[in-house]
Amino acid sequence: MDFDPVLLARLQFAFTVIFHIIFPSFTIGLSAYIATLGVVWLRTGEERFHVLMRFWTKIFAVSFAMGVVSGIVLSYQFGTNWSRFSLVTGNVLGPLLGYEVLMAFFLEATFLGILLFGFNRVPAWLYVLSAAIVAVGTALSAFWILAANSWMQTPTGHVIRDGIAYPVDWLQVIFNPSFPYRLAHMLNAAYITTAFVVLAVGARYLLAGRYVAEGRTMMRMAIGLLVILAPLQLFIGDQHGLNTLKHQPIKVAAMEGHWDGSKPVALELFAWPDEKTETNRFSIAIPHASSLILTHSWNGLIPGLKSVPPSERPPVVPVFFAFRIMVGIGLFMIAAALLGAFLWWRGSLFEQRWYLRVMAQCWWIGFVAVISGWVVTETGRQPWIAYGILRTADAISPVPGATVAGTLALFVVTYGIVFWFGIYYINRLIVRGPDQPAAVKPSDTFSNRPIAAARDAGGTTID
Amino acid sequence: MEWYLPLIWSAIIGVAVILYVVLDGFDLGIGILFPTASDERERDQMMRSVAPFWDGNETWLIMGGVGLFVVFPQAYAVIMPALYLPMIIMLLALVFRGVAFEFRLVSHSKTWWSFAFTAGSTIASFAQGVILGHLIEGITVSNGAFSGGPFDWATPFALLCGLGLMCGYGLLGATWLVMKTEGPVARRARGQAKFFLVLVLAFMAAVSLWTPLMEPRIAERWFSLPNFYFLWPVPSITALTAYLVWRWINEERDAPPFLAAIVLFLLGFAGLVISNFPYLVPPSLTVWDTAAGPASQIFMLMGTLLLLPMIIGYFIFVHWLFRGKVAEGESYH
């Protein structure tokens, strides 16, 4: 049998990175939520916030473990499967990943230990501070990963000598042209994704008539956040799209299914892009609409896919469809958030069982949107691994295709098992519910602790 | 070219690697010792002794890997493909072991995740030893890239190193349990520590004899004059330390056997460095051959000098916070 190492290495990376991205996009948001619950608990002294904090921390622990182990795999895969890539871009990308480890990973890992196990050993303020530090750590990690990824998309601040990229200006490397948009888009996506999980769990409890007070709190907090962030994401995404048009116009052409650059761009609601005939089949489109969105002009032109030879084009079909899935989910999210806010304002949020039923099913939509977004941006970058610097086909390790195929199979089996059990156990934790009976106030939780003397900050208001 | 930068960096990465080996060593060792516990309650106790730390410990593995990628990209690009299979097997084993910490707590029947924890820890330890052993043996390189086959690493020497490191981690894990637990677990760990100590000494002796026989350059490093005058204390102190581990276990001391076991690891590591410096990929690439551009090294160095002390600081803090012994049946959730 003939194995193509490039294709297999790409499959392996795509598989492992998609598996991995699920967990950061949840843990970035969830850590922020847990920290928020902690702060509210300290300020109000209301027990249900503490109960919720403990409850979500358990779910966080399970997700975080899966994120950590799959992340370690990725950091080694640059070398195992993409050693030419490591060699060519290592001088630039290496330090960005290095800073991620030094700034973010150690912080998260250490303070997660306190968050999970330190509850009985530290004062309330330090316990909540640990939650906040974990949240900052996850966001910092996103900062560096997205700096590295954005540099691969829109590289600046480097020179090429003997085929190897060397950094010249670190600020330009980190704050490369697409970085601010990508970071804002991703962080916001993570918070939205988590908010939908929280919303779904809250709705589920209300439907079942269990943990009603906690369920209502979760739903209110989630909708309050979503009504701001979901519309904001539309705006950020639009800005990000304009930035991509400027730096990677062919990616945008693939997203739009736009072949002929001499014509105004129609908004393809549905179509099947055909790379052989260079046209869209079964097209249902609104003429001029994409010109209007992308160039703010009725007849605005953007480069089409035909402006470059086929060897320079990304695979159009996955980019085109993933983009539609992402945007479709995004629009649905905005509608769901606005509707929820409207029902809340009307005072009937918790009575509309159809709304609760739909929301209880929506826990996964954020993840699908995030994965689709990554498919758009990563597949849209092809055939380049580092845009304009190194082609994906030239980035591969000297490893036989059969070896890559074998390890890919191992990854699929391992991650299949781990993922299945992870979802199963998270669901079990949700079913078990936030039932911790510990009726404690933040001020007296820690009276018998070694550092109890330092416990007062924030906890003093309640006694 | 700033010739001293790769030296500073090999020291930093060396520290990261040894920190990883010692820190993840003791929690991987817990996994190796897991089947010897008499019930799941005892296993809870063993796991609880490392649960707050394992994640931070494992981060040093990323630090070592990324450090290599940052500062010695060419070595990274050679070592990773050469050790492709043991690397990926190690990573997958760590996946099972890592999720076992959380899954075991949530599942109704702990048996399978206890097994995954043991299997993951054992396989990861063995694979790490194989990786180390094959690095010492040397990697086939032509034109600065790996040019060997996918099973080059499967040599008797590398497999021996795999078993040796497993026993080493077993020793660290057992002495850790002596320090951090009480009751039957701690009592059993004393016997296990002695058992692994004997095996570790045997493996250390085997490697110390094998490497100079295999590599004339290593023989010359150790046995030529005047090097021999400076180097003979390494094996002597090793023997003395091993004696102290044994004695302190017999005296039922808590922390000293663990600390002495760490010293044993440091000495073994020193031996490897003495044998192989300045080669990063023996016998072809030195630290200077594979170093990144000075700009990258300096940029990373600034951050490291600032952040590493902070990391070590909160690292010590968390160990202090969770000081003391873990009682039987203690767990979160």
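This tour moves through the salt bridges of the model and then turns to its cysteines.

The model is predicted, so local features require pLDDT of at least 70 and side-chain atom pairs count only at pLDDT 80 or more, while totals for chains, interfaces and linings use all residues. Residues are numbered from 1 along each chain as its sequence is written, chains are lettered from A and ligands numbered from 1 in the order in which they are written, and side-chain values use heavy atoms, with hydrogens and water left out.

**Salt bridges**

Across all chains, a search of the whole structure finds 14 salt bridges, each being a side-chain nitrogen of Lys or Arg within 4 Å of a carboxyl oxygen of Asp or Glu.

Select B:Glu42 and B:Arg188, which form a salt bridge whose closest N and O atoms are 2.9 Å apart. This pair links distant parts of the chain, 146 residues apart, with B:Glu42 in helix 2 (residues 40-50) and B:Arg188 in helix 8 (residues 184-214) of chain B; helices here are DSSP runs of H or I with at least four residues, numbered from the N terminus. B:Glu42 is buried, with a relative accessible area of 4%, whereas B:Arg188 is partly exposed at 26%. On this scale, buried means under 20% relative accessible area, exposed means over 50%, and partly exposed lies in between, using a 1.4 Å probe and protein chains only.

Next, go to B:Arg247 and B:Glu251, whose side chains meet in a salt bridge of 3.1 Å, N to O. B:Arg247 is partly exposed at 37% relative accessible area, and B:Glu251 is partly exposed with a value of 37%.

Then select B:Asp254 and B:Lys325, where the N to O distance of the salt bridge is 3.2 Å. Here B:Asp254 lies in the loop between helix 11 (233-250) and helix 12 (255-276) of chain B, and B:Lys325 lies 71 residues away in the segment after helix 13 (294-321), so that the pair links distant parts of the chain. B:Asp254 is partly exposed at 34%, as is B:Lys325 at 31%.

**Cysteines**

Over all chains the count of disulfides is zero, a disulfide being a pair of cysteine sulfur atoms within 2.5 Å. B:Cys167 is buried, with a relative accessible area of 10%. In chain A, select A:Cys362, which is buried at 7%.

Methods. Helix = DSSP H or I, 4+ residues; strand = E, 2+ residues; numbered from the N terminus.
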